[in-house]
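Please find below a short note on side-chain contacts in the model under review.

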Amino acid sequence: MSQDITKDRLEAIFSMQRGLAGMMNPDRYPQDVEGRISALCTAIIHEAVELQRTTNWKWWKTPIPFDTQEAREELIDVWHFVIQASIELGLTPDDIIKEYRNKNEINRERQRNGY
């Protein structure tokens with residue numbers, strides 16, 4: 001996928017998230033960036049736990065069929081908060097692509113060197 005298509009898709013996601021955030025009552029949302037990032041981290045953690053709960057991680061419990069659709073919905077909840085945190089930190093879709101590319105190369109180098 002070309003960088004332009006990826007950027008356009010990220011722009012659309014960022015735009016949708018800004019629209020959603022604009023609909024919410026800001027009274028309970030922290031006023032400072034650090035507070036907002038902290039609150040968003042808490043939300044990401046809780047949504048990640050909800051995603052984990054869709055799996056059969058409890059080895060002592062009788063497994064149930066994995067519900068892919070429910071897992072996808074929980075993962076998208078994580079994405080909402082990750083995108084909002086990105087917006088709060090002033091990251092643009094271009095920044096995301098650049099930072100991801102940089103970190104991906106670091107991780108690849110680590111793997112090549114037996115990290």
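1. Arg-36 and Glu-88 are both buried. In this predicted model, the two residues form a salt bridge, with their closest N and O atoms 2.6 Å apart. Arg-36 belongs to helix 2 (residues 33–52) and Glu-88 to helix 3 (residues 68–88), so the bridge ties together parts that are 52 residues apart in sequence. Buried here denotes a relative accessible area under 20%.

2. How many salt bridges does the structure hold? The count is 3. Besides the pair already described, Glu-105 and Arg-112 meet through their side chains at 2.6 Å, N to O. Glu-105 is partly exposed, since its relative accessible area is 40% and the partly exposed class lies between the buried limit of 20% and the exposed limit of 50%. Arg-112 counts as exposed because its relative accessibility is 51%.

3. Arg-112 also forms a salt bridge with Glu-109, at 2.9 Å from N to O. Both residues lie in helix 4 (residues 93–112), and because they are 3 residues apart, about one helical turn separates them. Glu-109 is classed as partly exposed because its relative accessibility is 36%. Through shared partners, salt bridges join Glu-105, Glu-109 and Arg-112 into one network.

4. Arg-110 lies over the face of Tyr-115, at a distance of 4.8 Å from the ring centre.

5. The aromatic contacts are described next. A pair of aromatic rings is characterised by the distance of the centres and the angle of the planes. The model contains 2 aromatic pairs. In one of them, Trp-57 and Trp-60 are arranged edge-to-face, with 5.8 Å from centre to centre and 85° between the planes. The pair formed by Trp-59 and Trp-60 is likewise edge-to-face, at 4.8 Å centre to centre and with 90° between the planes. Both pairs receive this label because the angle between their planes is over 60 degrees.

6. Which residues do the ring pairs link into a cluster? They are Trp-57, Trp-59 and Trp-60. As to accessibility, Trp-57 is partly exposed, with a relative accessible area of 37%. Trp-60 counts as exposed because its relative accessible area of 53% is over the 50% limit. Trp-59 is exposed as well.

Notes:
Residues numbered from 1 in each chain as written. Predicted model: local features only at pLDDT ≥ 70, side-chain atom pairs only at ≥ 80, totals over all residues. Heavy atoms only, no water. Phe/Tyr/Trp six-rings, centres within 6.5 Å; stacked < 30°, edge-to-face > 60°. Buried < 20%, exposed > 50% of the residue type's maximum accessible area, 1.4 Å probe, protein only. Lys NZ or Arg CZ within 6 Å of the ring centre and 35° of its normal. Salt bridge = Lys/Arg side-chain N within 4 Å of Asp/Glu carboxyl O. Helix = DSSP H or I, 4+ residues; strand = E, 2+ residues; numbered from the N terminus.
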